[in-house]
Amino acid sequence: MTPTAQRAFILLVLVLLMAATRVNHFAAIPDASWAVFFIAGFHLRSWTRWAFPLLMVLAIVIDVLVIRASGIGYWQHYCVSPGTALLVPAYFAMWAGGALLRQGYHGADWTALAKGSVLLLAAVAVCHLFAQSGFYWTSDVVAAPTLQGWARNYADWFLPYLRTAAIYVGLAAALQLATEQVVKLLHARRDALH
C-alpha cells in the first residue's frame, strides 16, 4: 500500500470513528473526537491544510444533525454557545500534539511512549482549556460565571476527558506497534528468502 493510500485509509477510519462516537457525547461508547484529532495529527501531518478542516467540518455537521434530530434548533442546545467557535483551536491543540509526536518518530519504543504521554497530556490540557472556557464564559447555562467556578468546572471535567482520549490513543498506539512489528517480520522474511 502506498503512503497516500495508507493515509487515505487512516482518514476513512478516523472519520468513521468520529461519526460513530460523536452522536452522543455521554453514551456507553464515549466520544472519540479529541483522540481522532490527536491520531490524525500523527498520521496525517502532511495533510494538515485540508484534513484538519475536513474533520472540523465533520464534527460540526454531526453536531448539527444530532441536535436537529432531537427536535431543537442548533443554537438552542445546551452545549452550543458563541464559545463553540473555540473548538477550532481546541481541536487543533489535539492535532498539534499528534503532529509533534510524529516529528522525529522512528518507531514505537519507550521514548516514543514517554513523549506521546506528555504530548497527549499537554494537548488535552490545552484543548480542554479552549473548549471548556468557550462553554463556561459564553453559555447562558452558566448564570454567574466566576474565576473560581471556571477553575472548578475545568478540574471536574479534565480527568474524564483525559481518560477517554488516553483510551482511544492507547488503542491506536497498540495498533501502531502491532503494525510496525508485522512490517518488520515481513521484511525479515523477505530478506531471508533472498
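Which residues does UniProt list for "transmembrane region"? The unreviewed entry lists residues 55-75, 81-101, 113-137 and 157-179; UniProt positions are given in the numbering used here, feature names are shortened, and annotations may be inferred rather than shown by experiment. This is a predicted model, in which local features need pLDDT of at least 70 and side-chain atom pairs count only at pLDDT 80 or more, while totals for chains, interfaces and linings use all residues. Residues are numbered from 1 along each chain as its sequence is written, and side-chain values use heavy atoms, with hydrogens and water left out.

View 1. Residues 55-75 are 71% helix and 0% strand; helices (H or I, at least four residues) and strands (E, at least two) are DSSP runs, numbered from the N terminus. The end C-alpha atoms of this segment lie 21 Å apart. Residues 113-137 are 100% helix and 0% strand, with 35 Å between the end C-alpha atoms.

**View 2. Helix α3 and its packing.** The 22 residues of α3 reach 31 Å from first to last C-alpha, close to the 32 Å expected at 1.5 Å a residue; the expected span is 1.5 Å times one less than the number of residues. Buried residues of α3 include Phe-52, Leu-55, Met-56, Asp-63 and Ile-67, where buried means under 20% relative accessible area, exposed over 50% and partly exposed in between (1.4 Å probe, protein chains only). The buried residues of α3 pack against α1 (3-21), α2 (33-43) and α4.

**View 3. The largest nonpolar core.** A nonpolar core is a set of buried Ala, Val, Leu, Ile, Met, Phe, Trp, Tyr and Cys residues joined through side-chain atoms within 4.5 Å. The largest one has 45 residues, of which Phe-37, Leu-55, Tyr-91 and Met-94 touch the most other members. At least two residues of this core come from each of α1, α2, α3, α4, α5 (110-138) and α6. Beyond its neighbours within four places in sequence, Tyr-91 is in contact (heavy atoms within 4.5 Å) with residues including Arg-22, Trp-34, Phe-37, Phe-52 and Cys-127.

**View 4. Salt bridges around Arg-22.** The whole structure has 3 salt bridges, each a side-chain nitrogen of Lys or Arg within 4 Å of a carboxyl oxygen of Asp or Glu. Arg-22 is buried at a relative accessible area of 2%. Its closest N to O distance to Asp-63 is 2.8 Å. This pair links the loop between α1 and α2, which holds Arg-22, to helix α3, which holds Asp-63, 41 residues apart. Arg-22 also meets Asp-31 in a salt bridge (3.7 Å, N to O), and Asp-31 is buried, with a relative accessible area of 14%.

**View 5. The Arg-190 and Asp-191 pair.** The side chains of these two residues form a salt bridge at 3.6 Å, N to O. Arg-190 is partly exposed at 43% relative accessibility, as is Asp-191 at 49%. Elsewhere, salt bridges that share partners join Arg-22, Asp-31 and Asp-63 into one network.

**View 6. Ser-81 in a loop.** Ser-81 is found between α3 (48-69) and α4 (87-102). Ser-81 counts as buried because its relative accessible area is 4%. Its side chain makes a polar contact of 2.8 Å with that of Thr-138; a polar contact is a pair of N or O atoms within 3.5 Å, and within protein one must be able to donate a hydrogen and the other to accept it, residues adjacent in sequence counting only if both atoms are side-chain atoms.
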